[in-house]
Amino acid sequence: MRIISPKMKVLLFAIFFTVISLNAFSQKEKKTLVASKTETPPKMDGALDDVVWQNVPIATDFVELQPNAGRHEKPEERTEVKIIYDNNAIYIGARMYETSADKVAKEIATRDNVGSADFIGIIFDTYKDGINGTGFFVTSANSQFDAKYAPNPNGNTEDPNWNAVWISKVKIDEHGWTAEIKIPYSALRFAKKDVQTWGMNLIRKRQNVQQQLFWNELDPKQNGLMNQEGILTGLKQIVPPVRLAFYPYFSTYVNHYPYNTAGVKNTTSSFNGGMDVKYGINESFTLDLTLIPDFGQVQSDNRILNLTPFEVKYNENRPFFTEGTELFNKGNLFYSRRVGGTPINYSNAYNNLKPGEEVISNPTEAKLLNATKLSGRLANGLGIGVFNAITNTAYATIEDSQGNRREVQTSPLTNFNIIVLDQNLKNNSSVTLINTNVNRFGKDYSADVGGFVYNLNNKKNSYNLGGFAMMSNKYGAGTQTATGYSYEVGGGKSSGNFTWNIYEDMVDSKYDPNDLGILFNNNFLDHNLNLQYTNYKPKRVFTQWGVWTNTYYSRRVNPSAYQYLNQNFGLFGNFKNFWYANINGHYRRRGNDFYEPRVGGRVYQAPENFLLNWNLSTNRAKMFSGGFWYSDQWVANGFGGHGNDLELFCNLRLSNKFSIGEDITFSPRINYTGFSTLDNTTGNPIFALRNVHTVENIFSLKYTFSSIMGLNLRLRHYWSKLNNKQFFDLAPNGSLATLTSANFNKIDQNVNILNMDMIYVWQFTPGSEISVAWKTSSLTNSNLANQNYLRNLNDTFSQPQNNNFSLKVLYYIDYQAIRKRKG
């Protein structure tokens, strides 16, 4: 089998020699700030009137990134930042000037939310590799936000789920506002050296005028964030402390559902306890451990009626699996929802039921017993990550008419592992080795996936080569070993007004990373060409505008066959009034869909279609903001297939504490064709001409009492109605033929899903919090698809609902604080 096409080889060699032949260039000189050591820490009140702030070097003359890239700040709106340090922490004192206090936007938000407020932030690159960073931000309302920054082929990825314990105070006066920040060394990782030189940048946001400024200029035409940092010097004889913290928790739940069935309780309760541990093994590596975790208060999933042949990919909302996972996400092999997800043999509970038997209990999630993360980076730029998690055996309970019960195992005891070695190279480049493994104890198979990832840039960070090569294996428990392969190779121009890239992706028919990752389908060879031009100079009504086009061609690998050809295009613009507009179109040529039939070896001749989208959003800094997204799709299926999407969204900020939001989407699909079911006798795919009407309605409410206490409510109703109009047989050539006789269930669908999440959080001390949650949910799916949306909404609220009330107390214990008190 030919792995890389000859044309692709020629193009990649051309890119490679272009990159290595580029000469060194003269970058703009990086700004430098000297930190001053103090014997007396400042009083943390946000006032900046302590003696320790006197005669300290100042970082000023910030440069705009938005809306006018390259413009320096005005003297009357200048920013001044000072940095001092002692043996325990680093301190930042910042003055943000305004011509009056009224120009300071100051909406109050809870932790890790900025809201509509001004902010000042600092990003440290403690190893000065120009790749990885740690950011701390505080708003004019003293709301804290922190994040980690890691590289990807398009620059840097911000991970806002990472959290540290640090202190901030702010004050607003007639000259603007001031901030003091204390960052303990326990919140940072840095090498053990007598003299430290760190990369650093400072960021300021003036919300009312949507102005974002950087101390060391950030050129939007240059790829990357951390590689455009300034330099912090003057740090001497600071010692990485012992980083050890405990987060014990206690939680209690009360659940009510009106079963109204003899022997089944309507109301149940539970008590839980566990602990998270963070331990800095040395100055570079941290061990994160969660024992008997409790994720019952995370946001509910956005469940839908899934008509595709692929599973739905849900967002990860569990904090342990979202915080500090940048190393484990290399190569896209880690889909954390697999850990503690649906048992591998969940459906086995419904197989081979005897007369009179029914499944009375079948857990939809495997219980997570513990999980561990070890991650860090050596002074030479080598990042090491180790992940391990164990889920318990799961059983379904089956009961017969006499009350006799038996159990069926749906998931064995399972161990999940990831090992990552990530080496930083010059010019924001890196190479990575990664291996994932799922070891199931019992009769089920085990699996592993391994390979390498590379991201290489030239010295100017203007050209890039990137890709990966992977191999998957399934083995054990009598399973014949199955080995598959995949690769990606490509590159392009990554900086400047005009950028482009071209990639080739190959996944063979046996490659399967889905035991710990997610891949919707395999057996394809894809080519992708992207071109984009962006103008960053304000002209007339725009502060920035751009155009782009993308060509995507896909073939099946084995046996070789054409799948589809996509041609996409778009243009976008940021207006001087801070509105945003976007128009894009997507044309797909008639193709062969090997997945829609749901039967191996069959194909569906997917019709030609064209999609056109319009999007407009207003200035989010205003009291009332909103916008819309409208989509029109035409499907040349011979039945006049036509679809629309209309999303309307708005946010009303009634005060700096109280805001409400609404997001509603209407998605009718008229005269679409697709898979419906299988013939009960022949197993042949049956397709249907159908109408599908979907409405998703999300209402949100936020009341923030202070920067450490808030109440959030999210109410989501999802309705989807499917009406079948005509049924077809799938012919051997993939066309739809008149159905003469068949044995199948002709079922319409009417799905209603309701979720409400209301959570109150109080951070009563830094790192510690009390949270109270009320969650309501209901799901109905019937074949009575003959009612409109309002009738369905009314019926949904009258259906039996599951109500869950919970209280959780999490307490932060810092080893350093205990040691100081004892000393």
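In which strand does Val-547 lie? Val-547 belongs to strand β30, which covers residues 542–556.

## Basis of the report

This is a predicted model, in which local features require pLDDT of at least 70 and side-chain atom pairs count only at pLDDT 80 or more, while totals for chains, interfaces and linings use all residues. Residues are numbered from 1 along each chain as its sequence is written, and side-chain values rest on heavy atoms, with hydrogens and water left out.

Strands (E, at least two residues) and helices (H or I, at least four) are DSSP runs numbered from the N terminus.

## Nonpolar surface patch

Val-547 is partly exposed, at a relative accessible area of 35%; the term covers values between buried (under 20%) and exposed (over 50%), with a 1.4 Å probe and protein chains only. Together with Phe-498, Leu-529, Leu-531, Tyr-533, Leu-571 and Ile-583, Val-547 makes a nonpolar surface patch of about 520 Å². Strand β29 (residues 524–535) gives the most to this patch, with three residues.

Patches consist of residues with over 30% relative accessible area and no salt bridge; nonpolar side chains (Val, Leu, Ile, Met, Phe, Trp, Tyr) are joined within 5 Å, and like charges within 9 Å. A salt bridge is a side-chain nitrogen of Lys or Arg within 4 Å of a carboxyl oxygen of Asp or Glu. Accessible areas come from the Shrake-Rupley method with a 1.4 Å probe, and for residues only the protein chains shown count as cover.

## Surroundings of Arg-206

Arg-206 lies in strand β12 (residues 195–206) and is buried, with a relative accessible area of 7%. Its side chain forms a polar contact of 3.3 Å with that of Glu-77. Such a contact is a pair of N or O atoms within 3.5 Å; within protein, one must be able to donate a hydrogen and the other to accept it, and residues adjacent in sequence count only if both atoms are side-chain atoms.

Neighbours within four places in sequence aside, Arg-206 is in contact (heavy atoms within 4.5 Å) with Glu-77, Glu-98, Asp-118, Gln-211 and Leu-213.

## Backbone features

The peptide bond from Gln-66 to Pro-67 is cis, with omega near 0°; Pro-67 sits in the loop between β3 (63–66) and β4 (79–85). A cis bond also links Asn-558 to Pro-559, with omega near -10°, and Pro-559 is placed in the loop between β30 and β31 (561–575).

Although not a glycine, Arg-598 has a positive phi of about 65°. Arg-598 lies in the loop between β33 (591–593) and β34 (604–606) and is partly exposed at 32% relative accessibility. Asn-671, likewise not a glycine, has a positive phi of about 60°. Asn-671 is found in strand β38 (residues 658–678) and is buried, at 15% relative accessible area.
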